[in-house]
Amino acid sequence: RGVDTNDVVAHWEPYVSTEPALLLARARHVLAPPGGITLSLKGDTLVASGRAPAFWIIRADGLAPALAGVGAVDLSHVTPGLPASMEPIAAEIESQRTLFAGGSDALDQRAVNSIATVAAKLRELVKAADANRYDLTIQVVGRADPTGTEKDNLALSRRRAAVVRDRLVSLGINASRLSIDASGSGDPIPADAPAERARLNRSASFTIRAQPSLNANVAERQR
């Protein structure tokens with residue numbers, strides 16, 4: 001026996017997906033993070049890391065908890081903006097991408113040239129950090145396109161980060177300033193076309209972490 005549609009009452013309500021990839025895309029759209037910020041999810045906690053102006057940190061702290069699917073926001077890994085003499089150099093470094101061939105962690109000539117550019121800028125940034133009495137470290141973040149399993153992608157992206165770090169050390173960057181991280185294909189750099197997105201994520205990028213030197217703060221208090 002069929003159902004008389006006259007007896008059916010339809011009631012529609014909006015539905016907002018909390019699937020992680022869609023939640024991250026929504027968070028990026030709403031929060032509009034600057035280039036030095038990476039967003040990720042740990043459970044229902046939205047985690048931001050990198051460096052951003054103070055006004056963005058305040059804005060994100062207010063907006064993020066209101067996003068559907070976000071239970072909490074962690075901004076403890078975000079470093080406030082840098083002194084004027086450091087900010088443009090750091091921004092230029094963080095805009096750099098060292099690109100790799102698919103499935104490879106080998107450096108071709110273009111990648112070697114890219115790392116040499118980053119090393120030169122890092123030397124400038126170290127001088128500016130010393131002048132401003134800032135402690136400075138650089139994180140090299142390896143990525144991979146979505147080809148293959150996430151386990152393999154994490155291993156590949158870590159090897160990519162390591163080979164870039166080792167090249168920077170060979171160019172005179174102090175190893176104690178460098179760390180590596182691997183994001184696999186889980187937090188991709190966005191791009192409109194799938195092929196361009198895959199190309200950009202076969203890469204290593206750079207995150208600057210800087211804060212006023214503890215020794216400098218002690219000296220100020222002793223004046």
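Helices (H or I, at least four residues) and strands (E, at least two) on this tour are DSSP runs, numbered from the N terminus. The model is predicted, so local features need pLDDT of at least 70 and side-chain atom pairs count only at pLDDT 80 or more, while totals for chains, interfaces and linings use all residues. Residues are numbered from 1 along each chain as its sequence is written, and side-chain values use heavy atoms, with hydrogens and water left out.

**Stop 1**

H2 lies across S1, S2 and S3 and runs at about 175 degrees to S3. Contact here means heavy atoms within 4.5 Å; axes are lines fitted to C-alpha atoms, for helices over the stretch in contact, and angles run from 0 to 180 degrees between N-to-C directions.

Now colour the strands. They form an open sheet of 3 strands, ordered S1-S2-S3, with mixed pairing; two strands pair if DSSP finds at least two bridges between them. S1 and strand S3 (72-80) are the edges, each with a single partner strand, so one side of each has no neighbour in the sheet. On average, neighbouring strands of this sheet are turned by 15 degrees against each other, direction ignored. Zoom in on S1 and S2: they run antiparallel, joined by 6 bridges. Pick Thr-38 and you'll find its bridge partner in S2, Ser-49.

**Stop 2: the four-strand sheet**

Next, select S4, S7, S5 and S6, which is their order in an open sheet of 4 strands with mixed pairing. Its edge strands are S4 (98-99) and S6, each pairing on one side only. S5 and S7 run antiparallel and share 9 bridges; click Thr-137 and its partner in S7 is Arg-209.

**Stop 3: the largest pocket**

Which residues lie nearest the centre of the largest pocket? Select Thr-38, Ser-40, Ser-49, Asp-181 and Ser-183, out of 23 lining residues. The volume is about 470 Å³. (On a 1 Å grid over the protein atoms alone, a pocket is an open set of points where a 1.4 Å probe fits, with protein on both sides within 12 Å along at least five of seven lines; lining residues have an atom within 4 Å of a point. Volume is the space filled by probe spheres set on the points.)

S1 gives the largest share of the lining, 5 residues. Strands S2 (45-52) and S5 (134-142) and helix H5 (150-170) are among the elements that each supply at least two.

**Stop 4: Ser-185**

Finish in the loop between S6 and helix H6 (194-201), where Ser-185 sits. Its side chain makes polar contacts (N or O atoms within 3.5 Å, one able to donate a hydrogen and the other to accept it) with the side chains of Glu-150 at 2.5 Å and Asn-153 at 3.3 Å.
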